[in-house]
Amino acid sequence: MHAHGRIAVTVCTIAVSVCIAASARAASVRSVSASGLPSFIDGDLARIESGIDEAALRRAARDVAPLFRIDGDTIELQRVKRDELGMTHARFRQVAHGLEVVGGDFLVHVGRDGVVFAANGSSRERELPDPTPRIDAEAATRIAIERKASAVEGQPRLAYVISSRDRSL
């Protein structure tokens with residue numbers, strides 16, 4: 001910890017087992033993406049105090065999202081699953097600038113006791129590029145056909161897409 005005037009700065013190096021502070025709770029980064037962003041974190045990440053319902057899961061996910069450099073307001077709850085052990089797993093999708101981030105999944109895992117004990121995902125950083133399209137829908141369809149897309153169905157839609165190959169946007 002270095003003091004500089006009235007501001008204290010902590011210098012950290014991201015590694016597989018780096019400990020970080022999350023709202024005064026301990027957490028460990030277990031996996032990072034090629035871009036250096038966390039992709040799996042576990043520990044005592046957040047707590048749901050009164051009932052594990054959808055609203056509480058949304059609040060917990062918004063609290064944990066900044067650990068992944070995600071704006072908590074860009075994630076939407078998709079589904080909730082309670083397993084045979086009584087744990088709850090909530091899957092969120094990322095939406096930025098009103099557009100879906102395809103491949104931008106974010107999951108929080110909650111124990112029976114209400115502790116968010118893990119989170120993982122492939123959502124992107126807080127600032128995504130300007131969503132203004134560079135080509136129109138007709139040109140996008142033509143390019144897809146030229147590149148031998150197996151099928152072009154429905155109307156093209158504008159979205160961010162995270163590559164499954166290298167997690168790039």
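Me: Which residues does Pro156 touch, not counting those up to four places away in sequence, and what makes that a contact?

Reply: In this predicted model, Pro156 touches Ala137 and Thr141. A contact means heavy atoms within 4.5 Å, so both of these residues count as contacts of Pro156. Ala137 is 19 residues away from Pro156 in sequence, yet their C-alpha atoms are 5.8 Å apart in space.

Me: Where does Pro156 lie, and why is it called partly exposed?

Reply: Pro156 sits in the loop between helix 2 and strand 10. Its relative accessible area is 35%. Buried would need a value under 20% and exposed one over 50%, so Pro156 at 35% is partly exposed.

Me: How do you know which residues of helix 1 are buried, and what puts them on the same side?

Reply: Helix 1 covers residues 54-64, and its Ala56, Leu57, Ala60, Ala61 and Val64 are buried. They cover an arc of only 135° around the axis, so they end up on the same side of helix 1.

Me: Which strands do the buried residues of helix 1 pack against?

Reply: They pack against strand 5 (38-47), strand 6 (75-82), strand 7 (88-96), strand 8 (99-110) and strand 9 (115-121).

Me: What makes strand 6 and strand 7 a pair?

Reply: Two strands pair if there are at least two bridges between them. Seven bridges join strand 6 to strand 7, so they pass that test, and they run antiparallel. Leu77 stands opposite Phe92 of strand 7. The hairpin they form has five residues between the strands, and there Gly86 takes a positive phi near 90°.

Me: How many bridges join strand 7 to strand 8, and what is the bridge partner of Phe92 in strand 8?

Reply: Eight bridges join strand 7 to strand 8, and the two run antiparallel. With a cut-off of at least two, they count as a pair. The partner of Phe92 in strand 8 is Phe106. So Phe92 has Leu77 opposite it and Phe106 as its bridge partner in strand 8.

Me: Where does His97 lie, and why does it count as exposed?

Reply: His97 lies in the loop between strand 7 and strand 8, in the turn of a hairpin with two residues between the strands. Its phi is positive, about 55°, although it is not a glycine. Exposed means over 50% relative accessible area, so His97, at 52%, counts as exposed.

Me: What makes Arg69 partly exposed, and where does it lie?

Reply: Arg69 has a relative accessible area of 42%. That falls between the 20% and 50% cut-offs, so it's called partly exposed. Arg69 lies in the loop between helix 1 and strand 6, and its phi near 60° is a positive value in a residue other than glycine.

Me: Which residues lie nearest the centre of the largest pocket, and how do the residues of its lining divide?

Reply: Nearest the centre are Pro131, Pro133, Arg134, Leu158 and Ala159, out of 18 lining residues. Helix 2 (137-146) and strand 10 (160-161) are the elements that give two or more residues to this lining. The lining divides into 13 nonpolar, one polar and four charged residues. The volume of the pocket is about 580 Å³.

Me: How many helices and strands does the protein chain have, and in what order do the elements run?

Reply: It has two helices and 10 strands, running β-β-β-β-β-α-β-β-β-β-α-β from the N terminus on. Of its 169 residues, 33% count as buried.

Key:
Residues are numbered from 1 along each chain as its sequence is written. This is a predicted model: local features need pLDDT of at least 70, side-chain atom pairs count only at pLDDT 80 or more; totals for chains, interfaces and linings use all residues. Side-chain values use heavy atoms; hydrogens and water are left out. Buried means under 20% relative accessible area, exposed over 50%, partly exposed in between (1.4 Å probe, protein chains only). Helices (H or I, at least four residues) and strands (E, at least two) are DSSP runs, numbered from the N terminus. The arc is that of the directions from the helix axis to the C-beta atoms. On a 1 Å grid over the protein atoms alone, a cavity is a set of points where a 1.4 Å probe fits but cannot get out, and a pocket is an open set with protein on both sides within 12 Å along at least five of seven lines; lining residues have an atom within 4 Å of a point. Grid points are joined across faces, edges and corners, and a volume is the space filled by probe spheres set on the points. Ala, Val, Leu, Ile, Met, Phe, Trp, Tyr, Cys and Pro count as nonpolar, Asp, Glu, Lys and Arg as charged, and the others, Gly among them, as polar.
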